[in-house]
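User: Could you take a close look at the salt bridges in this one and walk me through them?

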Amino acid sequence: MIKKLIFAISFLMAFAVSGQKKNDTDAVTDAAEKLRLAMISGDKSILESLILPELTYGHSGGHIDDATEFVEKLVSKKSDFVTIDITNQSIAIVGNTAIVRHHLYATTADLGKAPGDVTLEVLLVWAKTGNHWKLLARQAVKSEKKK
């Protein structure tokens, strides 16, 4: 009887952990989508709600923004995304950290510059704080073609 009880508890715990990972994967997917939309809209309050104050945001050209600079550039349209398309996204969750990789293709209309196209491979690191996933780090590298 005790063996059956232990087996049942073990099964339920494994099921709960599996379900938690799926829920976390869904939550990270949702957070990444909210970030994509906020980067297009330049909505300051949404952008700030999705990032940690310790954010380090690496651009493909080598410049690193902190959280304040990241938000300010998008709000002021110094960095203006007209469209952002994400493909080939993968998510790996390790404890309270999520590693997201994807291909990003965007059209831009940065303040003072001619419209442009950007093709990047992106790495995002999300940290779970309470029940929310917040962006901690991002690094982009140039990609040769749209995927």
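Analyst: Here is a tour of the salt bridges, pair by pair.

A word on the ground rules: this is a predicted model, where local features need pLDDT of at least 70, side-chain atom pairs count only at pLDDT 80 or more, and totals for chains, interfaces and linings use all residues. Residues are numbered from 1 along each chain as its sequence is written, and side-chain values use heavy atoms, with hydrogens and water left out.

The structure holds five salt bridges (a side-chain nitrogen of Lys or Arg within 4 Å of a carboxyl oxygen of Asp or Glu). Let's start with Asp24 and Lys128, whose closest N and O atoms are 2.8 Å apart. Asp24 sits in helix 1 (residues 2-41) and Lys128 in strand 5, so this pair ties together parts 104 residues apart in sequence. (Helices, H or I with at least four residues, and strands, E with at least two, are DSSP runs numbered from the N terminus.) Both Asp24 and Lys128 are buried; buried is under 20% relative accessible area, exposed over 50%, and partly exposed in between, with a 1.4 Å probe and protein chains only.

Arg36 pairs with Glu33, again with closest N and O atoms 2.8 Å apart. These two both lie in helix 1, three residues apart, about one turn of the helix. Arg36 is buried at 19%, while Glu33 is partly exposed at 33%.

Next, Lys77 and Asp80 meet at 3.7 Å, N to O. Lys77 is partly exposed at 28%, and Asp80 is buried at 14%.

Finally, Asp65, Glu69 and Lys73 are linked in a network of salt bridges.
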